[in-house]
Amino acid sequence: MTPLLDVADLAVHFPVFRGPLRRKAGTVRAVDGVSLQVFRGETLALVGESGCGKSTLARAVLRLQEPSAGQLRFEGQDLLRLDRRAMKAARRRMRMVFQDPHASLNPRLRAGEIVGEAFDIHGCTRRERDAGVAELLTLVGLGPEHAARFPHEFSGGQRQRIGIARALALHPSLVVCDEPVSALDVSVQAQIVNLLMELQERLGLSYLFISHDLHLVEFIADRVAVMYLGRIVETAPIQSLYAAPLHPYTQALLAASPSIDPDRRHQHVVPDGEVPSPLSPPSGCAFHPRCPFAIANCRAEMPPLLTLAPGHDVRCWRAGEWAAAPQRAAIPVGS
Amino acid sequence: MGTARYIARRLIFSACLILGVSVILFAMINAIGNPIEILLAERPGMTDEVIESVSRYYGLDGSVTDRYFTWLWAILRFDFGTSIIYNQPVSEMLVTYGLETLKIQIPAILIALVVSVLISVMAATRQYSRLDFGVIAGAMLGHSLPGFFIGILLILVFSYWLGILPSYGAYSTRNMLMNSTLIDGLWHMVLPVGMLVFFNTATLTLLMRSSLVEVLRQDFITAARASGLPERRVVFGHALRNAFIPVLTYLGILFGVMLGTAPVTETVFTWPGLGALYIMAIQQLDYPLIMGETMIITFMLVGATLLTDIAYVAIDPRIRLA
Amino acid sequence: MDTPIVPEAVAEASIAVPLRPPGLWRQGWYRFRRNRGGMLGLGLVALVVLVALLCPFVAPFAPNDQSAMLRGAARKAPDWVHLLGTDRNGYDVLTRVLYGASTALAVGLGAMAVASVIGVIIGGIAGYAGGLTDELLMRFAEFFMVIPVFVVILAVVRLFGIVVVGTWLESIPNLNLMTIIVLLGCFEWPPIARMARAEFLRLKHAEFVEAAICIGTKKRDILLRHILPNALPSLIVLVALGIGGAILAETMVSFLGFGDPKAVSWGQQLHFNYEALKVAPWAVLSPGAAIFVTVLGFNLLADGLTDAFNPRLRR
């Protein structure tokens, strides 16, 4: 089966300029050789700490940020080779739901105008637009009568519903959700997540779901990709990732997120130290300075992405050991 | 070492600014029309021979770019040509009249600075008091009073009604006050300087007060107070220095405004300075004088900005990296 | 009735529906209303606008009525016929002051309209394009900041006045005043450009702009529909300040005798009557006071608007 979205070796590098003459002082490798696939109807969650490059990756997928290298195929088309017209057509099929519903809605436009903008752009008549707006607002749990209101008249959760309605205009196949609930009250988060899952079922959507919250991801995702300093370190189906995380970083993330499960509660492997600067990433495996299991090889050479089980890829030199003895995988207690 | 480089950079940038302005000015003046035609438009009855000799004399023959570079080269040697109406070297006139202008502007800005510091300290240390509101309201009113209107009011009151101060000129033509050139000169300066002080004080007070209020609320002031420093030391020693930084930028701008509107000030008081000379020059279409004056005023403006930039570094060492 | 499909939304919606929270402009107005200075400024500006619109109906005399001169009643002190007296040309001072309001407003609004267009275009391009374009445009703006504007305007108005003699340009009514307006606009744009640049720079990475790019919005719509309307509040403050400044500048140009002889302006009044200050001070004081009131009005208005739109900036 060909994936809906196929990202291959994608890189986004930002040059850093310093001094009065704007000399190039270095490069931030925000995204560095990432490959991932999103299949039709599934949810791929992209997980990582803030600053790991997951939002940059999302923006690059939608070409809000030009990638420096790599390939981007969407519905079989090479997105990076499309001319403006074809790109505009492709934008009908891929959308984004943003993190902050207060910043992502233009305060000067009415909800109907925000949701209906896509209809105007892609050449629909006024009547089609109005009907579409009414349908979309109903779909996300608001009513057609909300179309005449301005964003400030809505609560945070309602605004995010408008953001979702905007993303769903003209039936896209892929929706990139960039931490869609992290700016919302906890009580509202569940509603929005439920809405997203319900919409996926009803409309056959595919999600690239970006989050730092592993519990949320466990709830919504089919597969998970874990990102650290611009690279994917582990990709796995949801069950195997939670049952047997193979990368020490994933283990640490799982242990660090608060859990009500008493069996998991003691295993605190908070990674020591800060996330290294992406301007000068550590040699070898980028995680080695914080990794309790680092061996000499980790410092020297970047591990390749190894497939240890069907659909389960890990970028770790010692992954084989963890896979062989899954029981001792998450026991760095006291270290 | 950082300071020296910073100053050098600002110097180079200032030179570029002046050069750029000279290009814009020259282009604009020439875009309006042929100088020689404009010059002669209001002096009818000239023969072609005269026109030709006049244009050769003032270097107005030749292409625009040629003239620009001749002019620029002359300016670099502080040679602005010869005034058409006064038949004197423009550079000499600029110095004589320029000194008269600075004679009222520099004292005015210094006095305004001292007065506004005193007023704003009084207001800011008693924030939201009646005095504070009075100061804000007064400064806002003063800030909106056109400078020349202040001058007119001053003349009306002190020269015409009270009859104690002269309304025009920089010196008495016949009887010097107390037979002293110095005292007579100072006596004539009172009204023009008074007007400029009034105008500048209002603006500076508005700025200084809000800046001071901001600073007085910061933690290091509380810390200074807590350490038992007398309030006067806290305000004048610690707060003022920090409150002064935003005011400093404005000082350069204010000087620019004063210089730019010197024609108005000096017309009100019939003051023999650059501004009055400029009015004369454009009324009589004295090209060398117009260009020379505009350049010298630009030069002084850029110089004032440069000085404030350097003073910035002296007061606030953090700026250096900018 | 709204009948949402997702039941949770009912609770959420029912909270927000009855009270419509105020919008950006309305919030600004609430804050503005509490600012006594701003309200006073608004009142003064409204007064000037009203006078400018109604002057043909409320002015006691025609603006070019010099009949007092023939009666030997020039330079007459205020009385019941001439409430503010007459000037040395026999004009009724009050009439001329009232008519001057429309000239002043035309100058202020006209100049700032020109300045806003130039400033928003230059600043907008600089902020949105960034990089070298930004650098070049902002350096260009800096040149305009150090040009002694007032002095240059005097010279250009004077020289231009000579050049147009005998050309079609001469037939334009109030050409001199137009020149002053356009010149003021051409020199007062840099502050607006700077602000526009900062706002465009801030807004081009706003999430709602990226959302618009995502659905395929054209660049023109991004700029005009999404960015510009959100940059307006900050720009309006500068425009209000600039109107007062432009009015003052025109007054000074006219006061020096380079104004439009055909226009009825406060600066002209000052120019013609300044020499008679000693004998007829009312003819100078009245237009002076009118300028003061107008400039004060716009300054206070700008102050209030700053408070209303950028509440964090002050106090």
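This is a predicted model: local features need pLDDT of at least 70, side-chain atom pairs count only at pLDDT 80 or more; totals for chains, interfaces and linings use all residues.
Two pairs of chains touch, and the pair formed by chains B and C has the most contacts. Chain A and chain B, by contrast, are joined by no contact, and their closest C-alpha atoms lie 9 Å apart. The contact between chains B and C takes 37 residues from chain B and 34 residues from chain C. On the side of chain B that touches chain C, at least two residues each come from helix H1 (2-32), helix H2 (35-41), helix H6 (130-144), helix H7 (147-161), helix H10 (231-260), helix H11 (262-268), helix H12 (274-283) and helix H13 (287-315) of chain B. H13(B) gives the most to this side, with seven residues. By class, the side of chain B that touches chain C consists of 27 nonpolar and 10 polar residues, with no charged residues.

Several spans of chain B carry an annotation. In an unreviewed entry, UniProt lists residues 12-33, 104-124, 145-165, 185-207, 243-264 and 295-315 of chain B under "transmembrane region". In the model, residues 12-33 of chain B are 95% helix and 0% strand, and the end C-alpha atoms of this span are 33 Å apart. Residues 295-315 of chain B are 100% helix and 0% strand, with end C-alpha atoms that lie 30 Å apart.

For chain C, UniProt places the feature "domain: ABC transmembrane type-1" at residues 101-302, again from an unreviewed entry. Residues 101-302 of chain C are 80% helix and 0% strand. The end C-alpha atoms of this span lie 19 Å apart.

One helix pair of chain C was examined in detail. Two packed helices are described by the angle between their axes and the distance between the axes. Helix H6 (residues 131-146) and helix H9 (residues 189-203) of chain C pack at an angle of about 150°, with their axes 9 Å apart. Angles over 145 degrees count as roughly antiparallel, and H6(C) and H9(C) are therefore roughly antiparallel to each other. The crossing in which H6(C) passes H9(C) is left-handed. At this contact, C:Met138, C:Ala141, C:Phe144 and C:Met145 in H6(C) meet C:Pro190, C:Ala193, C:Arg194 and C:Arg197 in H9(C). The contact of H6(C) with H9(C) has six nonpolar and two charged residues, and no polar residues.

Terms used: Residues are numbered from 1 along each chain as its sequence is written. Chains are lettered from A and ligands numbered from 1 in the order in which they are written. UniProt positions are given in the numbering used here, feature names are shortened, and annotations may be inferred rather than shown by experiment. Helices (H or I, at least four residues) and strands (E, at least two) are DSSP runs, numbered from the N terminus. Two residues are in contact if their C-beta atoms, placed from the backbone, lie within 7 Å. Ala, Val, Leu, Ile, Met, Phe, Trp, Tyr, Cys and Pro count as nonpolar, Asp, Glu, Lys and Arg as charged, and the others, Gly among them, as polar. Axes are lines fitted to C-alpha atoms, for helices over the stretch in contact, and angles run from 0 to 180 degrees between N-to-C directions. Angles under 35 degrees count as roughly parallel, over 145 as roughly antiparallel, 65 to 115 as roughly perpendicular and the rest as oblique. A crossing is left-handed if the near helix is turned anticlockwise from the far one by less than a right angle, and right-handed if clockwise.
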